[in-house]
Amino acid sequence: MGCSVEGVVAALRSAAEVVTAHRDELVELDRVIGDADHGENLKRGFTALVSKLDLSEPPATPSAALKLAATTLISTVGGAAGPLYGTALLRAATSVGDAAELDAAGVAAALRAALDGVVARGKAEPGDKTMVDALTPAVAAAEAAAASGSTVAEVLSAAADAADEGAASTVPLVARKGRASYLGERSANHLDPGSRSTALLLRSFAESAGG
Ligand code: ADP
Ligand code: MG
Ligand code: MG
């Protein structure tokens with residue numbers, strides 16, 4: 001089964017709930033190797049997005065919903081993560097085009113576009129201890145699942161599982177991008193907050209899709 005605009009909006013609302021529920025956890029992770037605002041930044045952005053979804057005309061297409069999320073996060077999240085997640089969502093919106101419904105291959109392609117956007121914007125490579133370490137394996141897993149005939153929910157579950165592992169893999173790394181890189185070797189032995197939020201967001205999308 002594909003994913004309609006209602007499905008995309010439900011996924012974005014589910015992301016807002018998950019980000020809010022994990023606000024303190026993300027703040028604590030960012031307190032250790034950053035400036036203790038990642039959870040608050042994301043909560044503010046997704047809360048603003050839910051307000052827009054509640055107050056304005058519902059988006060007409062999956063692309064319009066993703067674009068609304070992108071512009072809202074860009075203008076409200078701030079920090080490093082706002083422009084990065086905003087760019088990710090903007091690229092995803094472009095990738096899905098005017099499709100009324102996303103199939104498994106479309107979801108995998110949107111995730112690939114999102115990763116390309118994050119890398120274009122932030123110039124991080126895998127191993128730099130950033131959200132790229134969660135998103136890169138997630139995209140590979142999503143593409144493999146889509147290629148083997150999985151449903152949208154299964155594609156997103158595979159992506160979320162791989163993102164969990166990717167986030168965990170950041171623990172021993174020394175940060176080479178973002179605020180945590182200012183700590184040098186002292187950034188090692190801590191989970192990167194952005195990789196954790198990426199894994200949480202993908203899990204919320206998967207659960208919203210029924211996976
Ligand atoms: P800030 O560091 O400006 O306070 P946040 O705390 O909201 O921003 O986000 C920090 C997260 O952003 C990091 O944990 C990391 O995953 C991600 N990040 C930072 N710089 C980059 C980058 N250049 N590329 C990819 N992700 C990055
Ligand atoms: Mg921060
Ligand atoms: Mg900050």
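1. Start with the span of residues 6–207. Its end C-alpha atoms lie 15 Å apart. The span is 71% helix and 1% strand. Keep in mind that this is a predicted model. The UniProt record, an unreviewed entry, annotates residues 6–207 as "domain: DhaL".

2. Next, ligand 1. There are 24 residues around ligand 1. Those that come nearest are Gly 79, Gly 122, Thr 130, Gly 178 and Gly 194. H9 supplies the largest share, with 3 residues.

3. Now look at how H9 packs with helix H2 (residues 23–33). Their axes are 9 Å apart, and the angle is about 160 degrees. Angles over 145 degrees count as roughly antiparallel, so H2 is roughly antiparallel to H9. On the H2 side, the contact is made by Leu 26, Leu 29 and Asp 30. On the H9 side, Pro 193, Arg 196 and Ser 197 make the contact. These residues divide into 3 nonpolar, 1 polar and 2 charged.

4. H6 and H7 pack at about 155 degrees, with their axes 9 Å apart. The pair is therefore roughly antiparallel. H6 passes H7 in a left-handed crossing.

5. Which residues of H6 and H7 meet? H6 brings Ala 104, Ala 105, Val 107, Ala 108, Leu 111, Arg 112, Leu 115, Val 118 and Val 119. H7 brings Val 132, Leu 135, Thr 136, Ala 138, Val 139, Ala 142, Glu 143 and Ala 146. The contact of H6 with H7 has 14 nonpolar residues, 1 polar and 2 charged.

Technical notes:
Residues numbered from 1 in each chain as written. Chains lettered and ligands numbered in written order. Predicted model: local features only at pLDDT ≥ 70, side-chain atom pairs only at ≥ 80, totals over all residues. Near = placed C-beta within 6 Å. Helix = DSSP H or I, 4+ residues; strand = E, 2+ residues; numbered from the N terminus. Axes fitted to C-alpha atoms, helices over the stretch in contact; angles between N-to-C directions. Parallel < 35°, antiparallel > 145°, perpendicular 65-115°, else oblique. Contact = placed C-beta atoms within 7 Å. Nonpolar A, V, L, I, M, F, W, Y, C, P; charged D, E, K, R; others polar. Left-handed = near helix turned anticlockwise from the far one by under 90°. UniProt positions renumbered as here; feature names shortened; annotations may be inferred.
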